[in-house]
Each structure stands twice: as structure tokens, then as C-alpha cells.
Amino acid sequence: MMKLLKYDLRRNANLLLAVCAVLILCELALILSPAMLEVKLGVIIVANFAAAVIFMINNLRVFDYNIKSVSRRLLPVNTLSYVWASLVYGILNTLALIVIAGGAGLYFLGRLDASFWADAFKLPLYVWIGLALEAVFTTVYGFLMFYVVIALARSITKKGAFWVGLLLFLVLSAVMDWLENLLFGQDSTQPFNMVTFHFESTTGTITHDSLTAVAGWRWFGSFGFELLLSIAFLFVIKWCVEKRIEAR
Amino acid sequence: MDALLKVNGISKTYGKKQVLDGVSFDIGPGRLVGLLGSNGSGKSTLMQIVAGLTPATAGDISVAGEPAGRKTKSLISYMPDRPITESWMKVKDAIAFYNDFYADFDMEKAREMLDFMKLDEKNGVSVLSKGMNERLQLTLALSRNVSLYLLDEPIGGVDPVARGKILDAIVRFYREDSSLIISTHLVRDMERIFDEVMFLQDGRIVLHEEVENLRMKHGRSVDDMFKEVFGE
């Protein structure tokens, strides 16, 4: 898996480094510019979002390449290695973006009203662990959902795999949302509510020392459901790669 | 002698088009086999199925007694009919890629072959000519120590000088205890190296014979037989 990851990173190094460099330069230029703080913040958010979209598309292309290219399919590796390598690749890229965005965040932290964030840092450790786990699982689940759609679309030997993939994605998301809503009263686009935040505001301003967090168990059903779906996605991907997808 | 490769009733269809129709044959160890057929006869599809790259519609394959799967990928070295190296790579990266993934890759043999093929490790893969690229693909495939080599059109589209060099490399560097299947329609250039040949026509094996028997029985070269079978 690590070897696949190594060659995925080397193959895409130019794109990844270029996007990171442009993003850092863009953030530096904005920070040093005389523009209003709110404008700077808005443009940086848009730039980071654009970089995230590029990285996401690149990650999907990496997975697609791994399951359909002759050079990768010839390798004597476990079929799921293609999934793990692409997943870790996506997570590493996401971390790189978080670090770059965090750098700009430090600049704004000192300049915007920081009382809310100061309160957030006082929250207990389990809240932060819960949030981190939720973020990681949501990312992994999201990637797996895209991967299973790509694998199913690539299983079709006729033309139009892209449109079939798009349709599959829409149908799959709609069905998952409907099922989760029916079973647990929330859809897959919502976080699990592992931790619920409360804060008070008076006349639109957040009151200092009012942020609290409560851990609950309602998230468990939804989490279990998505965990089961993730496992099912892995089986479907494995079946598609081994039995259906032709290397080109 | 136990067969190294057993192909049993392999069929492949794309929609309504039948590309392979119940192909069956055995290949013993230490054989140099020509898989001959005109363009579109199903040679590449058959090679891809044996290499584990394309699922068959029906039938089964085993290599050294192992059913086709992840394990047989370690027993087969496959050279496809187009380059599989990636455009960012230099020749040395392509060699390192094979060395990283294949435990049976022989680095010393690879260096010897690069030297024989006049390939510079520092050259980028994307700037290599078609002939030089074929040489690189062959170097990568033959530098593995495996039981079965599959070469799909190794001299397709290259000039006569490069053809000669590639054929010399095949004869010089292939392991005699292993078997080698070469698919081609350029029969005259290659028939001198084959122990046996298979003619694939419209997705079926219409002839599978030792080259020596073929010459004795019919008194003709493989190339003449090929023209007779595939002549329109």
C-alpha cells in the first residue's frame, strides 16, 4: 500500500506542489495587502475551497487510475490496497490543506473577535477527540462513496461511464439520505452530533464564557449505519476490480 | 509433463460481439510459443485474460496449478502492446518501480539488458522513440525471474533494425526453464525462435502445432501456413 502511495504521490507531485505553492502565495499576498479584513478572509476561504476541489478531483482520478491502468493492475498487490493507497493519499492532501489554511487562520485569530475561539479552546479533551474522529470518519466515508461509484461506473464496458457514474452517485446519495432519515431522523450530509454545542448570544454577539458542549449517544445509530455501508462499499469495490473492470 | 499454463474454455464477449470462443490449450514449461493471428483475431484479449487484466466471460485459467488471481500475477511477466510506464518517469524510475513491486525482479539483469538495448537510465520515458520504448518494456518484462512471460506484439510498429535487436534480446535474455508466449502477426520475422505456434482465428484456436512438425507435415514455413490460413 505504501509503495502504491509513494508512486501516486510522485506521479502527481507537480500538481500537488503547484496548488500548495499558489495557495500559500495567494494567502501571503492577501495578508500583506491593504484590503479589509473581511475581504481578505472571504478571498482566502474561496481560495482554500478551490484548492480543496482540485485535490478532491485529483484524488478521485488517482483511484480511477489505480483500478483501471495496466501498470497498476499488473502488480501483485491486494485489491483493497488500491483503496487504502488512494484514501491515505486523500487524507494527506487534506492535512496539507488544513495546515496551509491553519497558517492563515493564525493571522485572523489575533485580529478578529477571538473570545469565541478562546472559549472553544477551554472545551474538554473528549470534545476535541470526538470532533477529530467525526471529521476523519466523515472524510473516509465520503471518499469511499465516491470510490464505489467510480468502481461501478468503470465496470461498464460500454461508452458513457461518466454519466452512469454521475447518475449512480445521485441515486446512491438520495437513497442513503432517505434511509438515514427514516431510521435515525438525520441524513448523511449532517454530522453525527457526537458533540452538541451551546452558546448564548445577545443582540447578535456571542456572550463570553457561554460556549459549552454535551456528548450524546444519538449519533451511534447513524455512525453504525455508515460504518456498515463503508464495509459494503469495500466489498463492492473489490468485486468490481476483480471480476468486472478491464485494465486499459 | 505437467502443463505450466492451462487455458480451459475461455470465452469473451463485448455486448453481442464474441471475441474469444471456447479457447483451450496447455503450454508446458520451457517452451517458446507463437500466438499468431491477424489484427482483431483476439490475441491481445487472450493475453490480457491470462495476465489477469481482463475478466473472461466463461472458462478458467491456471498457472503452475494456481487458479488465475493475485498469486498468478507473481508467476507471470506481461509486456502489453503499448507502453505502461508513466510519463513522469525516467528509465531509472521505471526500473525502480519494477524493483519495488516485484520480488523476483533481477536488477543486475536489468542493467545488463539496458546496456544491450543502448538505453540510458537518465532518459525520460516520454522522450523515448517507439522503438526505444519497446526495448524498455521488454527490459522490464524479461528482467523478472518468472515461470511464464507474455509478450504482446513486441515488434509491432518498430523498424527492422529495432526488430532485430528486440528478437536478439528475447533469445539472449529469456530463461530457458520458463515459457514464453509471443503474440504477433509479423510471422516471418519471428518464426525462427518459436518451438510451437497457435493460430487464433475469429476467437478460436484453429491450429496448435510444434513448428518442426508443421514443417515436416506440410513442407512449408510457418509464414506460408499463416498466409494460407489467414489469406483473404
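This is a predicted model: local features need pLDDT of at least 70, side-chain atom pairs count only at pLDDT 80 or more; totals for chains, interfaces and linings use all residues.

Before I look at strands, I need to be clear about one term: two strands count as paired if DSSP finds at least two bridges between them.

**Entry: a strand pair in chain B.** I looked up strand β1 (residues 5-14) of chain B and found that seven bridges join it to strand β2 (residues 17-27) of chain B, the two running antiparallel.

**Entry: the nonpolar cores.** Which residues have the most contacts inside the largest nonpolar core? I found that they are B:Leu5 and B:Ile170, in a core of 116 residues. Helix α7 (residues 125-154) of chain A gives the most to this core, namely eleven residues. I then noted a second, separate core of twelve residues, which includes A:Leu5, A:Cys20, A:Phe55 and A:Ile100.

**Entry: B:Leu5 and B:Ser62.** Leaving aside neighbours within four places in sequence, I listed contacts of B:Leu5, among them B:Phe25, B:Val50, B:Ser62, B:Leu148 and B:Ile181. Is B:Ser62 buried or exposed? It counts as buried, because its relative accessibility is 17% and the cut-off for buried is under 20%. Not counting residues up to four places away in sequence, B:Ser62 touches B:Leu4, B:Leu5, B:Lys6, B:Pro67 and B:Ala68.

**Entry: a patch on the surface of chain A.** I looked up a nonpolar patch formed by A:Leu106, A:Leu109, A:Phe121, A:Leu125, A:Trp128, A:Ile129 and A:Leu133, which together have about 750 Å² of accessible area. Helices α5 (79-109) and α7 of chain A each supply at least two of its residues, and the largest share, four residues, comes from α7(A). A:Ile129 lies in this helix α7 of chain A, and I recorded it as partly exposed because its relative accessible area is 44%, which falls between the limits of 20% and 50%.

**Entry: chain A as a whole.** I noted nine helices and four strands in chain A. Buried residues make up 40% of its 248 residues. Chain A exposes about 13600 Å², of which carbon and sulfur atoms supply 74%.

Notes
Residues are numbered from 1 along each chain as its sequence is written. Chains are lettered from A and ligands numbered from 1 in the order in which they are written. Side-chain values use heavy atoms; hydrogens and water are left out. A nonpolar core is a set of buried Ala, Val, Leu, Ile, Met, Phe, Trp, Tyr and Cys residues joined through side-chain atoms within 4.5 Å. Buried means under 20% relative accessible area, exposed over 50%, partly exposed in between (1.4 Å probe, protein chains only). Contact means heavy atoms within 4.5 Å. Patches are made of residues with over 30% relative accessible area and no salt bridge: like charges are joined within 9 Å, nonpolar side chains (Val, Leu, Ile, Met, Phe, Trp, Tyr) within 5 Å. Accessible areas come from the Shrake-Rupley method with a 1.4 Å probe; for residues, only the protein chains shown count as cover. A salt bridge is a side-chain nitrogen of Lys or Arg within 4 Å of a carboxyl oxygen of Asp or Glu.
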